[in-house]
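Thanks for coming. I have one model to go through today, so please have the viewer open.

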Amino acid sequence: MDIKVFGHEYFYDITSMSMLFFPGEKVCYVRRSSKPTHIISGLYFSRGSIISRTRIKYNGRWFSSQKNAKSGCDLKNLVKQTFYRACSIATGITPPWGILTGIRPLSVYRRHRIAGDEPHAVMKDEYFLAEDKIELLDKIFACQAAFHCPKPRDVSVYISIPFCPGKCSYCSFISISAVNARDLLDRYLNGLFDEIKAKALLINKYNLRVKSLYIGGGTPGILDERQLLMLMQLLHDSFDFGKTEEICFELGRPETVSDEKLKILKNFNVHRICINTQTTNDKILNIIGRNHNSQDYFLAVKKALKCGFNSINTDLIAGLPGEDYSSFCRSVDDVINSGVDNITVHTLAIKRAAKLSGCGDNFNPENRVVTDMLDYAYSRLMSDGYVPYYIYRQKNCVSNGENTGFCKPYKICGYNIYMMEDIHSIIACGAGASSKIIKDRKVNRVINVKYPMEYVSEYEKIIKNTDIIDKMLRAELTDE
Ligand SMILES: C[S@@+](CC[C@H](N)C(=O)[O-])C[C@H]1O[C@@H](n2cnc3c(N)ncnc32)[C@H](O)[C@@H]1O
Ligand code: SF4
């Protein structure tokens, strides 16, 4: 499929959007060509006014959309609007997130609300969002209100454990299968402990308040009892958690959960844990390469509840290969019935770096199965008293879906909001971890090396990153 572009530079943006209407089509950029072109997107400037026009050839017919605007308008949105309209008229498809690609929907919604715009009208008329997505944003916005008042010295700390018991076919997160890498895991922890101490010195030097701590992965539950005890002890010796509102530990796969590990976490005041299953259909768990079954999941949650954890999250994925509507609905019901009070509903994203490279008809925007799965999950969760509190979107999600975190009232995971909405700085430790220093709502990132192997052998880079963060914090706090 050829796209010819005139008068603007938004080729990348319209290409991403074209995937929503023509998934799997290869798109080529045509500058000047006599070849037949399938899509022509142009911006024309004429005496103080701007015209965006898109023409598209589909099934042998041409369709077009045009919009005039005044100078000073958002040109990118203008181009995307006529592109969306023309594709939509031609194909009959109306992607529910409208022209929002590569941008956090809640940030756009919040920006307009803060500016005093009427969010419904703007999200519908300017961004072409479907009514149910606008309502979802309304609810999430309301839930997050109390979390959007950052204090100058608040930070959150993230600890990365990029090791797993094995690789799931859909996942592209950097994580090493720990089965044959026990030695690497020990060396990794040695390096990580040094980095934690260095970052804690910084936090103490600037008198920062650790508002939340998140230990994530990978599968941090992969640590054995000795390693877990060492990590938790070190964290408690290094940071002052006196004013910390939450500590989350993502155990991850249920087969890693033991009574002993749960007790250690409880003794170190961990408030929230994650035990994930993705689906409770054993056949599908096997297909996606998770070496546990649904009973392992139910048992792990039971143990955690018995140990006194009253904030447990479970991740589910809609659109897994082989999972049909009724199987997904059963997974939602099973997870609700297990007694967890946080449930994060993901939509399968097809990742180049994952083993799973396609998902058949689920990628077809005209196939409503995954949309119906999300509809079921959302209405079942809401009727059971869960509220949506954070949202993010990824590229290449089947049916153009999203990931939404739900929880029972007062069980919100603040870290997910602080991190996703850039509310305060995040100091991150470990391979693949990304620290974010926020000054005047601008984000400066300092990214550690990606792979555990590099991490253990390139420790100087970590020290250098700590120095960079030191300078950024000094700059942030001097004109506080
Ligand atoms: C960083 S992973 C860690 C989870 C943990 N290791 C586990 O598997 O239980 C966090 C979550 O991202 C989601 N996830 C990973 N790959 C995904 C994909 N390709 N599409 C949608 N969700 C995905 C899964 O729900 C997963 O539980
Ligand atoms: S989903 Fe979790 S366990 Fe599976 S590979 Fe990804 S991070 Fe590891």
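Predicted model: local features only at pLDDT ≥ 70, side-chain atom pairs only at ≥ 80, totals over all residues.

Residues are numbered from 1 along each chain as its sequence is written, chains are lettered from A and ligands numbered from 1 in the order in which they are written, and side-chain values use heavy atoms, with hydrogens and water left out.

Domains, then. The assignment for the protein chain gives domain 1 (1-90), domain 2 (94-145), domain 3 (150-271 + 414-480) and domain 4 (278-310 + 312-412). Domain bounds here come from an automatic or database domain assignment. The centres of domain 2 and domain 4, taken over C-alpha atoms, are separated by 23 Å. Across that pair, 15 residues of domain 2 are in contact with 13 residues of domain 4, contact meaning heavy atoms within 4.5 Å.

On to ligand 1. How many residues surround ligand 1? There are 19, and the closest are Gly218, Gln278, Arg290, Asp315 and Ala349; a residue counts as near if one of its heavy atoms lies within 4 Å of the molecule or strand in question. Domain 3 and domain 4 each supply at least three residues to this shell. By class, six residues of the shell are nonpolar, eight polar and five charged. In that scheme Ala, Val, Leu, Ile, Met, Phe, Trp, Tyr, Cys and Pro are nonpolar, Asp, Glu, Lys and Arg are charged, and the others, Gly among them, are polar.

Now the polar contacts, meaning pairs of N or O atoms within 3.5 Å; within protein, one must be able to donate a hydrogen and the other to accept it, and residues adjacent in sequence count only if both atoms are side-chain atoms. A backbone N or O atom of Gly218 sits 2.7 Å from a nitrogen atom of ligand 1. For Thr219, a polar side-chain atom is 3.1 Å from a nitrogen atom of the ligand. For Gln278, a polar side-chain atom is 2.7 Å from an oxygen atom of ligand 1. Taken alone, the ligand exposes 570 Å², and the protein buries 93% of that; these accessible areas come from the Shrake-Rupley method with a 1.4 Å probe, and for residues only the protein chains shown count as cover. Strands β10 (246-252), β12 (312-318) and β13 (342-347) are the elements that give two or more residues to the shell. Helices (H or I, at least four residues) and strands (E, at least two) are DSSP runs, numbered from the N terminus.

Two of those residues need another look. Gln278 is in the loop between β11 (272-275) and α9 (282-287). Is Gln278 buried or exposed? Gln278 is buried, at a relative accessible area of 7%, where buried means under 20%, exposed over 50% and partly exposed in between (1.4 Å probe, protein chains only). Beyond its neighbours within four places in sequence, Gln278 is in contact with Tyr170, Arg290, Asp315, Leu316, Ile317 and Leu320. Gly218 lies in the loop between β9 (209-217) and α7 (225-238), and a cis peptide bond, omega about 20°, joins Gly217 to Gly218. Most peptide bonds are trans.

Ligand 2 is next. The residues around ligand 2 are Cys164, Gly166, Cys168, Tyr170, Cys171, Ser175, Gly218, Thr219, Arg253 and Arg290. Sorted by class, that shell has four nonpolar, four polar and two charged residues.

Now His346, in strand β13. His346 counts as buried, at 13% relative accessibility. Outside four places in sequence, the contacts of His346 are Asp315, Leu316, Ile317, Ala318, Tyr392, Glu402 and Asn403.

Last, backbone angles. Most residues other than glycine have a negative phi. Phe128, in the loop between α4 and α5, has a positive phi of about 60°, and Phe128 is buried at 11%. Tyr410, in the loop between β15 (403-407) and α13 (414-420), has a positive phi near 65°. Which is Tyr410, buried or exposed? Tyr410 is exposed, with a relative accessible area of 84%.

That is the tour; comments are welcome.
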